[in-house]
Amino acid sequence: MTDTINLTGSPLNDNLHLVDFDKATPETLQALTEQALHAASCQLDNIEARQDTPDVATAFAIISSFDDATAQIWRHFGILSHLNSVASTDDIRHAHHALLPKLSAFGTRTGQSTALYQLYQLVHDEFDKLPDELRHDAQKRAINKGLQEFVLSGVALDDEKKSKFAAIESQLSVSCAKFADNIMDATYHFARPLKQDELSGISSNGLALLKAAGDAYRAKNPNASLPSDYVATLDMPCYLAVMEFADNRALREQLYHAYNTRASDQSPDTTEFDNADLMVEILTLRKQKAELLGMSNYSEYSLATKMADSSAEIEQFLLQLSAAAKPKAIAELAELEQAAKKFGLDKLQAWDIAYLSQKIRQEKFNLSSDALRPYFPLPVVLDGLFDICKSLFGIRFVQADKAHFSAWHDDVLFYTLYDDDSDTLLGGVYLDLFARAGKQGGAWLDDFQKRQIKDGNTRLPVCFIVGNFAPPLGDKPSLLSFDEVNTLFHEFGHALHHLLTQIDVAAIAGINGVEWDAVELPSQFMENFAITDVGIGKISRHIDSGETLPADKKDALIAAKNFQTGLQTLRQMEFGLFDLRLHSQQSDTSLSYQDILQTANTIRDEIAVITPPAYQRMGNGFSHIFAGGYAAGYYSYIWAEVLSADAFGKFEEDGIYNAKTGRAFRQEILAQGSLRDAKDNYLAFRGRAATTDALLRHRGLVE
Ligand SMILES: [Zn+2]
């Protein structure tokens, strides 16, 4: 099959196999995905029609060829799926969604194919008879992981149950996508034109964002008469510009209400995108899926491939951390209540918290998140980050000329990555960092192309880093808040995990196959390097004066690291327990929407110190667990932070930029893919298992 969307004629290395996004239209991608689906399905037909039992080398060759065929599907669909997340249009969404049931059906058919499973089994049993060049650990591990996937896809079920399982998978893929659509549609549906006298308190950076939203509003509604040039929206930078700084309390309340009821029947803006029924449906389907496999609930299914052993173990872990965080959270709440009094607010309300927190931060540390932005222009932060990566891991990022790659939007940058010692090209990364309409909220890494060296052909890893940072305004570069700096370091940690792999078998290269609750180790680990004395020196340079962040501000920033970590920890535990309990239900009947709300309330009563308004519908916007990969897995962030904090502890002991320790982290963790269990990677790096001591210390939860 010819791949019509490969970028040709670019001086960037061929092994990167870059995509020509100018040719990657939704129609082309849909057609290429369907073509690849057809080709792979034909191969599977042939596998299932075989009457003989092949020798082990032949069995391996069949599996390998089928792997290549399926990789073609995911390559083309991966591009479409990426575009649907970053530059969604009706055409893209339509093409993307039209493929979901077909892909799900193919995925289920593959996972349940007894003939294919038997080939894997044969290779597994007679692995020692394979030719030398194939008989290595990575290949063996990939076969073992493959076998586990078959079992979790229901290969052992009878035909009736198999088709039930397939129907569930198909419905889930559609419903989860719809859940995410509803959040995006609800978010962009809301627009609140602002009066001039509602702008008081909002920073100049915030005003510029609200003005840009106003321009977009005018372009969409040319006949609308606006009371000012400014419009508030619910995309994160705009939302925070109001919630953190607007003096107008009624305005904050309105925005809070709209944001925290998105995609629910409580939304004052629209109830058109209510996710309630989808939540019930998704939970029910997941439970049925687990039960078909003989498990008692979805948590059991989810944990089969994770580092944690049982939901009871996780529940206990989350409750312990909640207890550890509670005293600090109570003190932080008291501080907020005091501030409320000081600002003449009768009673502290949910929509005052971000606002008063900024005031307290300002008073305590003389730090306002917006006032620091001029010190963190994006190009400076990136240079500093690359410098840190260079000294820790011996690697070099090189920005590509815009003429040498193509992208889906003008904002997009591309970097190649080299090993500094050997000057070897290791991979490449696209950066698409600014908030805009048609892009999903939040920040993430998409490990688009996995490393693979096979039959003499090399495919280097390539990934996308996506963010929703404040865009550049006028002729100035984007000026990042420290939260955004932190997010950038986080996503780069994921990227390094993907790009620095030395595993040549795609199925277990980079992040692929790594236990989900260990995936956030490299990302959270990297965050630590932004907030050190030297780190801040490397990533800050004032946009006008060119000075690095002054010592008093730097000290304040470091001191402010643990500002409100008690409340933040409790909130994170609340989300983690909510997810875990929704997916760990033992009862035969499925949960109703009321049960879901009740679960959230019960957990809040158990551990939280702040009670939000009764209309708040956090679950309806919780895409991590209803639309993303975090179902019965939200705890993974804090689970992995135990590892990342303890790993950084090693650098605290050896010296923050200790090159030897940095190279060891690269070698034992970043390079390993899922060749070993995450637990063994960690042991190899640290020489012992992780403890929670460093996490509690880093979050300021112990004296
Ligand atoms: Zn992450």
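These notes cover a zinc site and one serine in a predicted model.

1. Ground rules. Residues are numbered from 1 along each chain as its sequence is written, and side-chain values use heavy atoms, with hydrogens and water left out. In this predicted model, local features need pLDDT of at least 70 and side-chain atom pairs count only at pLDDT 80 or more, while totals for chains, interfaces and linings use all residues.

2. The zinc ion. His490 (NE2), His494 (NE2), Glu520 (OE) and Glu520 (OE) coordinate the zinc ion at 2.1 to 2.7 Å. Donors here are N, O and S atoms within 2.8 Å of the metal (3.2 Å for Na, K and Ca); water is not among the atoms, so sites may look incomplete. Along the chain, the donors of the zinc ion follow the spacing H-x3-H-x25-E.

3. What the pair links. His494 sits in helix H16 (residues 482-499) and Glu520 in helix H17 (residues 520-530), so the pair ties together parts that are 26 residues apart in sequence. Helices are DSSP runs (H or I, at least four residues), numbered from the N terminus.

4. Burial at the site. His494 is buried at 7% relative accessibility. Glu520 is buried at 3%. Buried means under 20% relative accessible area (1.4 Å probe, protein chains only).

5. Ser104. This residue lies in helix H3 (residues 90-111). Ser104 is buried too, with a relative accessible area of 11%. Leaving out residues up to four places away in sequence, Ser104 touches Glu169, Ser170 and Ser173; contact means heavy atoms within 4.5 Å.

6. A distance. Ser104 and Asp579 are 475 residues apart along the chain. Their C-alpha atoms are separated by 24 Å.

Methods: Helices (H or I, at least four residues) and strands (E, at least two) are DSSP runs, numbered from the N terminus. Buried means under 20% relative accessible area, exposed over 50%, partly exposed in between (1.4 Å probe, protein chains only).
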